Amino acid sequence: MGREMQEHVVGPMPVENFLDEFLPNPEGYDTSDFASRFASASNDEVFNLQSIRKEEESYKPFIDAMGPFAPQLSFVNTSKHPDSKNCSSFTFNVMPDVCVYADGTSHGCDVSKAEVIIEFKWGDAHDAFSKNPRVDIPVVSQTDKGFDTLGQITSYTSAQLGAQYRTHAFSVLIICNRARIIRWDREGAIVTNAFNYFHEPHLADFFHRFSRASPALRGVDTSVTPASDKDAALARTALNLASTMRMFRVAVPRDPAVEGSDCLVLIIPQSVAKGFPLVGRWTRTCPAYDVLNKKVVMFKDSWRVSKKDVLPEGETYRLLKLHKVRNVATCIAFHDVIHSIPQQNTQTVKFHNAKWACRNGAVTPHILHRLVLDIVGEKLTDFESSRQLVQSVRDALLGMYL
């Protein structure tokens with residue numbers, strides 16, 4: 001996964017610019033208290049882990065040092081606790097060294113609730129990024145161990161984004177006394193320059209800002225909200241789901257071309273983590289409960305390519321119906337999601353040509369697109385006879401080519 005990801009990494013972004021762009025302080029915010037507390041901690045060498053020889057011995061001192069700058073967050077050592085709840089079907093363990101939570105109750109690794117993932121490496125050979133990058137070469141290390149680390153942190157974030165409804169996520173890579181902060185979305189990743197977090201305040205500042213940031217700035221998709229207890233119970237019954245399944249509410253306009261169009265309000269289950277590559281459409285589909293019409297419909301969520309000559313999928317369905325194409329489901333609602341703040345939009349491609357950016361291939365913009373179909377089909381693997389399977393394929397071909 002590391003080699004696949006390398007072309008989609010943009011950096012090194014100056015860390016001060018990174019923080020101001022993606023986690024800006026409120027206007028007029030007084031930073032003097034934070035600066036004073038960091039200076040005191042730095043002088044007391046609470047961040048100084050250089051004397052530690054084994055990586056696993058660094059987790060607790062790091063957590064103890066960083067926690068006071070973000071008391072609203074919980075830093076949990078997850079280095080021996082793989083996520084067996086959300087990632088049991090994976091061919092690899094999802095087991096970050098430290099997970100950061102906002103709920104105050106999570107223990108062990110749970111990518112469906114993790115806010116920030118931190119990975120440690122105690123040797124320069126394992127750094128995923130070049131120590132002295134130049135504009136004419138990739139920011140990603142071209143060594144096998146570097147690719148392994150990039151693949152590891154990419155797979156962790158991919159699982160996190162897959163198990164949650166998020167627009168983006170942040171992670172941290174620690175190489176002994178150096179750190180980098182990374183912002184991930186469906187276009188790729190933006191990575192900061194490396195900095196010494198013993199003596200420079202950027203990492204403590206990152207967690208200080210993150211702990212006070214809105215859910216939208218943190219990367220939560222705020223267009224998806226927890227369902228009410230009543231709606232959740234109705235949806236679980238209609239969808240035949242377990243009573244423990246977390247349920248969410250989402251609204252999709254019936255006609256995005258009409259301002260103030262009526263919306264379909266749907267109740268959908270928690271997203272499922274998958275061991276797929278992070279970049280691209282990352283299509284998610286699931287049966288959903290239509291609250292108003294009290295029926296089950298099909299919900300689809302994907303990050304489509306955002307170019308003028310690429311029609312949104314919902315618009316394609318509309319045109320097919322307009323021209324009376326056979327065997328095509330009816331799309332009853334669709335739209336491109338307009339987020340409440342710019343930071344919720346994909347950002348990687350926006351910065352791929354920045355003056356500080358090393359050579360990269362992050363050039364394809366994406367936007368979140370949702371649609372609703374009026375029918376929930378059966379899985380092709382559930383056919384009752386070979387005739388039914390062949391007939392299904394035939395009907396699809398008629399819809400595509402005739």
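Author: Ser-155 is placed in helix H5, residues 144–163; helices (H or I, at least four residues) and strands (E, at least two) are DSSP runs numbered from the N terminus. With a relative accessibility of 7%, Ser-155 counts as buried, where buried means under 20% relative accessible area, exposed over 50% and partly exposed in between, for a 1.4 Å probe and protein chains only. Apart from neighbours within four places in sequence, Ser-155 is in contact with Met-1 and Phe-92, contact meaning heavy atoms within 4.5 Å.

This is a predicted model, in which local features need pLDDT of at least 70 and side-chain atom pairs count only at pLDDT 80 or more, while totals for chains, interfaces and linings use all residues. Residues are numbered from 1 along each chain as its sequence is written, and side-chain values use heavy atoms, with hydrogens and water left out.

In H6, 10 of its 11 residues are buried, and the helix is mostly covered. The buried residues include Asp-205, His-208 and Arg-209.

Helix H3 (residues 32–43) meets helix H6 (residues 202–212) with axes that come within 11 Å and cross at roughly 140°. Axes are lines fitted to C-alpha atoms, for helices over the stretch in contact, and angles run from 0 to 180 degrees between N-to-C directions. H3 and H6 are therefore oblique to each other: angles under 35 degrees count as roughly parallel, over 145 as roughly antiparallel, 65 to 115 as roughly perpendicular, and the rest as oblique. The crossing of H3 and H6 is right-handed, the term for a near helix turned clockwise from the far one by less than a right angle, with anticlockwise giving left-handed. H3 contributes Phe-34, Arg-37 and Phe-38 to the contact, and H6 contributes Ala-204, Asp-205 and His-208.

Not counting residues up to four places away in sequence, Arg-209 touches Leu-19, Asp-20, Leu-23, Pro-24 and Asn-25. The C-alpha atoms of Arg-209 and Leu-19 are separated by 8.3 Å, although the two residues are 190 residues apart along the chain.

Aromatic rings form a further theme, with 19 aromatic pairs in the structure. Rings of Phe, Tyr and Trp (its six-membered ring) pair if their centres lie within 6.5 Å; planes under 30 degrees apart count as stacked, over 60 as edge-to-face and the rest as tilted. The ring centres of Phe-18 and Phe-22 are 5.0 Å apart and the planes stand at 80°, so this pair is edge-to-face. Both residues lie in helix H2 (residues 15–22), four residues apart, about one turn of the helix, and both Phe-18 and Phe-22 are buried. Phe-170 and Phe-206 form another edge-to-face pair, at 5.7 Å centre to centre with 65° between the planes. Phe-170 lies in strand S5 (residues 169–175) and Phe-206 in helix H6, so the pair ties together parts 36 residues apart in sequence. Phe-170 and Phe-206 are buried. One aromatic cluster includes Phe-18, Phe-22, Phe-170 and Phe-206, with Phe-207 and Phe-210 also among its members.
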